[in-house]
Amino acid sequence: MVKGLAEEKDLIIEAVLKVYGLTINQLKSRNRSSNVAQARFVVWEHLYDNLGMTLTEIGREFGRHHSDVIHGMRRIKVLRKENRIASSRSRKVKQLIGGKG
């Protein structure tokens, strides 16, 4: 990953950590609690949509299989439609990263 992409990736991750009140260790852990999982899914979605990272690259970054990434990105789309908190958090992340996504 080139330097610009690494900085963009860090920006996305930091925005999600701030909005969800998590640490990087929690985000990359195997923890499946709702708050941590949703944050992880939001990061994955932005890395895929905004930075063009492949599902495999994202999975490697988080110690997951690419199919986990696919499932997570599908899940966050459903959660945003069903849950106002998830929708609000996604908007806050988008604002923090400069409206991308």
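Q: Is arginine 80 buried, partly exposed or exposed?
A: Arginine 80 is partly exposed, with a relative accessible area of 24%. Buried means under 20% relative accessible area, exposed over 50%, and partly exposed in between (1.4 Å probe, protein chains only). Bear in mind that this is a predicted model: local features need pLDDT of at least 70, side-chain atom pairs count only at pLDDT 80 or more, and totals for chains, interfaces and linings use all residues. Residues are numbered from 1 along each chain as its sequence is written, and side-chain values use heavy atoms, with hydrogens and water left out.

Q: What does the side chain of arginine 80 meet in a salt bridge?
A: Glutamate 45, at 2.9 Å from N to O. A salt bridge here is a side-chain nitrogen of Lys or Arg within 4 Å of a carboxyl oxygen of Asp or Glu.

Q: Which helices do glutamate 45 and arginine 80 lie in?
A: Glutamate 45 is in helix α3 and arginine 80 in helix α5 (residues 66-82), so the pair ties together parts that are 35 residues apart in sequence. Helices are DSSP runs (H or I, at least four residues), numbered from the N terminus. Glutamate 45 counts as buried, at 7% relative accessibility.

Q: OK, how many salt bridges does a search of the whole structure find?
A: Three. One of them pairs glutamate 61 with lysine 9, at 3.0 Å from N to O. Glutamate 61 lies in helix α4 (residues 55-62) and lysine 9 in helix α1 (residues 3-20), so that pair links parts 52 residues apart in sequence.

Q: And which lysine in helix α2 does glutamate 61 pair with?
A: Lysine 28, in helix α2 (residues 24-28). The closest N and O atoms of glutamate 61 and lysine 28 are 3.0 Å apart. Salt bridges that share partners join Lys9, Lys28 and Glu61 into one network.

Q: New topic: where is arginine 40?
A: In helix α3 (residues 34-51). Arginine 40 is buried yet has no salt bridge. The nearest side chain of opposite charge, aspartate 68, is 8.8 Å away; Lys and Arg count as positive and Asp and Glu as negative, with His and the chain ends not counted.

Q: So which backbone oxygen lies 2.9 Å from a polar atom of the arginine 40 side chain?
A: That of asparagine 31.

Terms used. Helix = DSSP H or I, 4+ residues; strand = E, 2+ residues; numbered from the N terminus. Polar contact = N/O pair within 3.5 Å; in protein donor to acceptor, adjacent residues only side chain to side chain.
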